[in-house]
Amino acid sequence: MKAIVYTEYGPPDVLELKEVEKPAPKARELLIRVYATPVSYGDILARNFKAVSPRKFSMPMPLWLPTRLLLGFSRPKRNILGSAFAGEIEATGKDVKLFKAGDKVFGYRAMNFGANAEYLCMPETGVVTIKPSNMTYEEAATVPYGSTTALNLLRKLNIQSGQKVLINGASGSIGSYAVQLDKYYGAEVTGVCGSPRVDFVKSLGADMVIDYTREDFTENGETYDLIMDILGKSSFSRCKNSLKHNGKFLAVSFKMKQIVQMLWTSLTGGRKVICALSPDRAADLILIRELIEAGKIKSIIDKRFPLAQTAEAHRYVENGHNKGTVVITV
Ligand SMILES: NC(=O)c1ccc[n+]([C@@H]2O[C@H](COP(=O)([O-])OP(=O)(O)OC[C@H]3O[C@@H](n4cnc5c(N)ncnc54)[C@H](OP(=O)(O)O)[C@@H]3O)[C@@H](O)[C@H]2O)c1
């Protein structure tokens, strides 16, 4: 089968189209013919993880070494990237009970990657389920990572109808679903993003959009029940005056400092810092599928690249050109 393989860390050029052995499903595994896979934050990070120092790493430092060991210390151990996919089940292992050949599915492989290829195998109990009937394979492939992460993190906040939420990083994979889920919960949503993506965030349903290159949201006098900071571009101390008295600051990317702030603010009254890791669960993807089929969530694709041009797709995303998700068609 054809796959995009990388054997050393580096710029997009390390991604090469190669012929590799087609995988065979084990007893409880599905053999999936991949039709589409997005270029996500995790793909870009893993492609050049050697350049990510513990300081640059967007999560707590103690997680850096296990991540580096998992990905491969000096060379990548998993040679095919692609953390999410949509496709069709071609065959099943002999003990598979939940799916059958011909099922149209979508799913998430997180750090197991492997979707930049014509085929992949995954356990039937993994994060995989039937694709939304009202989405193309390309649209469905872009959904799992950002939507389930946003869903899990927002669940912890118990958003109520009428609450005011600000999402700093509303145009990215997680932020674009956070905007839609917060609207679904009945919140009034302000999205913060760069100039090229203002219209994209509006089209997701945000009530207000702030362009971070023109305005600092911490200085406009507005206050929010929740500030969700996706990339850690702001901080609890900077946002304090923009939070209501019992407001919460959700640090989606966090370091030890935010964990200490979370522990400290949990002991004191008033504003709180929340940090959490989103687990990967098939049940969440099923819920997201139901919301998609009910017309509550959509996916907006910016550009499609054929598998052979995966390096080009990485370059396009890395250079910040995308307005919505970039998807590789296989
Ligand atoms: N807690 C968890 O369980 C969990 C799980 C997965 C990922 N993460 C973390 O989530 C992060 C990746 O999120 P993602 O996949 O959504 O990333 P992404 O798709 O790359 O989006 C990044 C967002 O940040 C915005 N941004 C860039 N510079 C900014 C600035 N100066 N001020 C405000 N916003 C700015 C971007 O806006 P423009 O593009 O418009 O400039 C974009 O909306 C990583 O740090 C990762 O560690 C956490």
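Student: Which residues come nearest to the ligand?

Tutor: A residue is near a molecule if one of its heavy atoms lies within 4 Å of it. Of the 24 residues around the ligand, those that come nearest are Tyr145, Ser171, Tyr212, Ser253 and Ser278. Please note that this is a predicted model, in which local features need pLDDT of at least 70 and side-chain atom pairs count only at pLDDT 80 or more, while totals for chains, interfaces and linings use all residues. Residues are numbered from 1 along each chain as its sequence is written, and side-chain values use heavy atoms, leaving out hydrogens and water.

Student: What lies 2.5 Å from an oxygen atom of the ligand?

Tutor: A polar contact here is a pair of N or O atoms within 3.5 Å. At 2.5 Å from a ligand oxygen atom lies a polar side-chain atom of Tyr212. The backbone contributes as well: a polar backbone atom of Gly169 is 3.1 Å from an oxygen atom of the ligand, and a backbone N or O atom of Ala276 is 2.9 Å from a nitrogen atom of the ligand.

Student: At what angle do the axes of helix α4 and helix α9 cross?

Tutor: Axes are lines fitted to C-alpha atoms, for helices over the stretch in contact, and angles run from 0 to 180 degrees between N-to-C directions. Helices are DSSP runs (H or I, at least four residues), numbered from the N terminus. The axes of α4 (residues 144-155) and α9 (residues 282-293) come within 10 Å and cross at roughly 100 degrees. Helix α4 is therefore roughly perpendicular to α9, a term for angles of 65 to 115 degrees.

Key:
Helix = DSSP H or I, 4+ residues; strand = E, 2+ residues; numbered from the N terminus. Parallel < 35°, antiparallel > 145°, perpendicular 65-115°, else oblique. Polar contact = N/O pair within 3.5 Å; in protein donor to acceptor, adjacent residues only side chain to side chain.
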